[in-house]
Amino acid sequence: MRTLVPEPAQALRETLTQPRCSLGVFVPAGMHAPTVERRVLNHLAAAGADLFEIGLPHRTPHLDGPAIRSAYHRALRTGNALDRTVRTVEHAARRAPTVVMTYWEPVTRYGPERLARLLADAGAAGVMVVDLPDAAAGSWHQIATAASLTTPRLAPRTTTAPQLDAISATASGWLYAPASAAPTGYRGPLDLDALSAAVRRLRTTSPLPVVSGIGIPTPDLAAAVAPLVDAVVIGTPVVRALDHGPEEAGGLVAAFAHALNARN
């Protein structure tokens, strides 16, 4: 009997609505040669990544810290960033539901309709534009939806009630509650009570799953955040580990997966 493979958006929804907290793993596209990158994704999926976030390289990623900025700049030196990202998504999406992370400038540079179609054809479940302008949110949501992509939205703690209503109206897939207001790579203390309150606020506003990341550098901290959200995403720790090879990054992801599974 043929096994039916869920559509990408459906597979993402099933991942985020399972009883336990899922583990998302961020990987910048083009950080390694294609053959190495495929091996990286295989290792991370086998180690326990429930979903992938694939970063589209950008020259001025102002919400990211040094590790991810460096990875993006390295990827941009290797050639066509969009083509490399599409190839990365194609492989990642065969291993786990995959959402592309990008800034608005590349979306406008490549063309929203073209970018949405390319990423959807590659198997992406969604595209999260981390600095999506309010004025462009409605049109981007329509374009992505027409391509069968979800549109996860970033919802910082400082978001006002009217802003949150507008974000929720143009979001699908998930709402992202940053664990820290700092750039990615933050390794200081987290206010878990404030994060819990922010997550409750999002759940009151929208039925979408809530995902958290930024400032979750250790398995123990991930386990502490896990009861609050539907998925924890790790990025900078994985990027740093990848400098030492796929095996080390796989071991790190396995440690995070074990911590989440032990807590669930």
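Among contacts in the protein chain between residues at least 6 apart in sequence, what share joins residues at least 24 apart? The share is 74%. This is a predicted model. The protein chain holds 12 helices and eight strands.

**Overall form**
- The protein chain has 264 residues and a radius of gyration of 17 Å.
- A compact globule with 264 residues would have a radius near 18 Å, so the value for this chain agrees with that form.
- Along the principal axes, the C-alpha atoms fill a box of roughly 50 × 45 × 40 Å.

**Inside and surface**
- Of the 264 residues, 56% are buried.
- The accessible surface of the chain is about 11400 Å².
- Carbon and sulfur atoms account for 54% of that surface.

**The largest pocket**
- By class, the lining has 28 nonpolar, 10 polar and eight charged residues.

**Which elements build the lining**
- Several helices each supply at least two lining residues, among them H3 (66-76), H7 (134-146) and H11 (236-242).
- Strands that each supply at least two include S3 (98-102), S4 (126-129), S5 (153-154) and S8 (231-234).
- Helix H8 (161-169) is also one of these elements, and H8 gives the most to the lining, with four residues.

Note on methods:
Residues numbered from 1 in each chain as written. Predicted model: local features only at pLDDT ≥ 70, side-chain atom pairs only at ≥ 80, totals over all residues. Heavy atoms only, no water. Nonpolar A, V, L, I, M, F, W, Y, C, P; charged D, E, K, R; others polar. Rg over C-alpha atoms; globule rule 2.2 N^0.38 Å. Buried < 20%, exposed > 50% of the residue type's maximum accessible area, 1.4 Å probe, protein only. Contact = heavy atoms within 4.5 Å. Areas by Shrake-Rupley, 256 points an atom, 1.4 Å probe, with all protein chains shown as cover.
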